Amino acid sequence: GNLYSHWLYQNAGERAISTSVTVYIQPDLANVDDVKALLQAQVSLPINGQLHLQWKLQSNWDSLPPAGVTREVHETNVQLKYSF
């Protein structure tokens, strides 16, 4: 099975803050103990008309990962984006 949800918020205006969150859940219908999930989140803060500070988070989770692989993996980054 697959479950998916996406939420997006974007304020109107020149200095609009935008955020988004996406969640994927993938349960194994034949084995209820086996579930995988992914969370992605993002926030974009405008500095001026062309420059934005962006923060991203990605988190993976697997209830039955392969040998030698951790159950949870979290990644985050901050970017300075320039649009011209």
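**Figure 1. Overall view of the predicted model and its surface.** The protein exposes about 6,300 Å², and carbon and sulfur atoms supply 57% of this area. The structure shown is a predicted model. Its fold contains five strands and zero helices, and the order along the sequence is β-β-β-β-β. The radius of gyration of the protein is 17 Å, well over the 12 Å that the globule rule gives for 84 residues, so the protein is more spread out than a compact globule. Along the principal axes, the C-alpha trace spans about 50 × 25 × 15 Å. Of the 84 residues in the protein, 18% are buried. Among contacts with a separation of 6 or more, 31% are accounted for by residues 24 or more positions apart.

**Figure 2. Close-up of strand 1 and its pairing with strand 2.** Strand 1 covers residues 3–10, and the number of buried residues among its eight is zero, so this strand lies largely in the open. Strand 2 is formed by residues 18–28, and strand 1 pairs with it in the antiparallel sense over eight bridges.

Figure 3. Two elements each give two or more residues to the nonpolar patch, namely strand 4 (51–62) and strand 5 (72–82).

Figure 4. D34 belongs to strand 3. Is D34 buried or exposed in the model? D34 counts as buried because its relative accessibility is 14%, and the cut-off for a buried residue is under 20%. Leaving aside residues up to four places away in sequence, D34 touches Q26, P27, D28, D62, S63 and L64. Among these contacts of D34 are Q26, P27 and D28, which fall within strand 2 (residues 18–28). D62 is also touched by D34, and strand 4 (51–62) includes this position.

Definitions and conventions. Residues are numbered from 1 along each chain as its sequence is written. This is a predicted model: local features need pLDDT of at least 70, side-chain atom pairs count only at pLDDT 80 or more; totals for chains, interfaces and linings use all residues. Side-chain values use heavy atoms; hydrogens and water are left out. Helices (H or I, at least four residues) and strands (E, at least two) are DSSP runs, numbered from the N terminus. Buried means under 20% relative accessible area, exposed over 50%, partly exposed in between (1.4 Å probe, protein chains only). Two strands pair if DSSP finds at least two bridges between them. The radius of gyration is taken over C-alpha atoms; the globule rule is 2.2 Å times the number of residues to the power 0.38. Contact means heavy atoms within 4.5 Å. Accessible areas come from the Shrake-Rupley method with a 1.4 Å probe; for residues, only the protein chains shown count as cover.
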